[in-house]
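The following explanation is intended to be read beside the sequence and the model. Please keep both in view while reading.

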Amino acid sequence: MKKYVGRIGILVALIIAVEVPAQQQVSHQYSAALVQDHDWSELTASMEKMHVAIGSIERSGDSSVDFVRMMLPHHQAAIEMARTQLIYGKDPQMRRLAQEIITDQQSEIELMQLWLKQHGPQK
């Protein structure tokens, strides 16, 4: 009987030794999938928001004004997508690029807003 109990104990220990790491791996894969889903949903939400904003712009009759009005939500979406990359991205080159996009796009947004104040009818 002692041999039998001892073998069951060894069997249970082996099952635990195999099962626990397997559960941890599944848990890690599940967590990674949630992060991927979350970053993907943030990226697509940025694009959808941009499309709605661009779709709501009324034609002014001035192609330069229309260009700037449409570029503003485009640049804002780029900033939002870059921020998502900074939150979830791991690649150092892409993180650096995302930071540069944020800096450059914010500067260009400010320039376009100033230009619109000087040249475009306000709507």
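The paragraphs below go from the overall fold to the helices, the core and selected side chains.

The model is predicted; local features need pLDDT of at least 70, side-chain atom pairs count only at pLDDT 80 or more, and totals for chains, interfaces and linings use all residues. Residues are numbered from 1 along each chain as its sequence is written, and side-chain values use heavy atoms, with hydrogens and water left out.

The protein chain contains three helices and zero strands, and its elements follow the order α-α-α from the N terminus. Helices (H or I, at least four residues) and strands (E, at least two) are DSSP runs, numbered from the N terminus. Of the 123 residues in the chain, 19% count as buried. Here buried means under 20% relative accessible area, exposed means over 50%, and partly exposed lies in between (1.4 Å probe, protein chains only). The accessible surface comes to about 9400 Å², and 62% of this surface belongs to carbon and sulfur atoms. Such areas come from the Shrake-Rupley method with a 1.4 Å probe; for residues, only the protein chains shown count as cover. Among contacts between residues at least 6 apart in sequence, 59% join residues at least 24 apart, a contact being heavy atoms within 4.5 Å.

Helix H2 and helix H3 may be considered next. The 26 residues of H2 should span 38 Å at 1.5 Å a residue, and the end C-alpha atoms are 37 Å apart, which agrees. The expected span of a helix is 1.5 Å times one less than its number of residues. Helix H3, residues 92-119, has 28 residues and reaches 40 Å from its first C-alpha to its last, close to the 40 Å expected. An aspartate caps the N-terminal end of H2: a side-chain oxygen of Asp62 lies 2.9 Å from the backbone nitrogen of Ser64. The N-terminal end of H3 is capped by Asp91, with a side-chain oxygen 2.9 Å from the backbone nitrogen of Gln93. A polar contact is a pair of N or O atoms within 3.5 Å; within protein, one must be able to donate a hydrogen and the other to accept it, and residues adjacent in sequence count only if both atoms are side-chain atoms.

Which residues of H3 are buried? They are Ala98, Ile102, Gln105, Ile109, Met112 and Leu116, and the buried residues of H3 pack against helix H2 (63-88). The largest nonpolar core has ten residues in all: Val65, Val68, Leu72, Ile79, Ala82, Ala98, Ile102, Ile109, Met112 and Leu116. H2 and H3 each supply at least two residues of this core. A nonpolar core is a set of buried Ala, Val, Leu, Ile, Met, Phe, Trp, Tyr and Cys residues joined through side-chain atoms within 4.5 Å. Not counting residues up to four places away in sequence, Ile109 touches Leu72, His75, Gln76 and Ile79. With the same exclusion of residues up to four places away, Gln105 touches His75, Ala78 and Ile79. Glutamine 105 counts as buried because its relative accessibility is 15%.

Helix H1 (residues 2-55) includes Ser41, and Thr44 is also placed in helix H1. Ser41 is partly exposed, with a relative accessible area of 36%, and Thr44 is partly exposed at 25%. The backbone oxygen of Ser41 lies 3.2 Å from a polar atom of the Thr44 side chain. Ser41 and Thr84 are 43 residues apart in sequence, with 9.9 Å between their C-alpha atoms. The C-alpha atoms of Thr44 and Met81 are separated by 8.6 Å, although these residues are 37 residues apart along the chain.

A search of the whole structure finds one salt bridge, where a salt bridge is a side-chain nitrogen of Lys or Arg within 4 Å of a carboxyl oxygen of Asp or Glu. The side chains of Glu80 and Lys49 meet in a salt bridge at 3.2 Å, N to O. Glu80 lies in helix H2 and Lys49 in helix H1, so the pair ties together parts that are 31 residues apart in sequence. Glu80 counts as buried at 19% relative accessibility, whereas Lys49 is exposed, with a relative accessible area of 53%.
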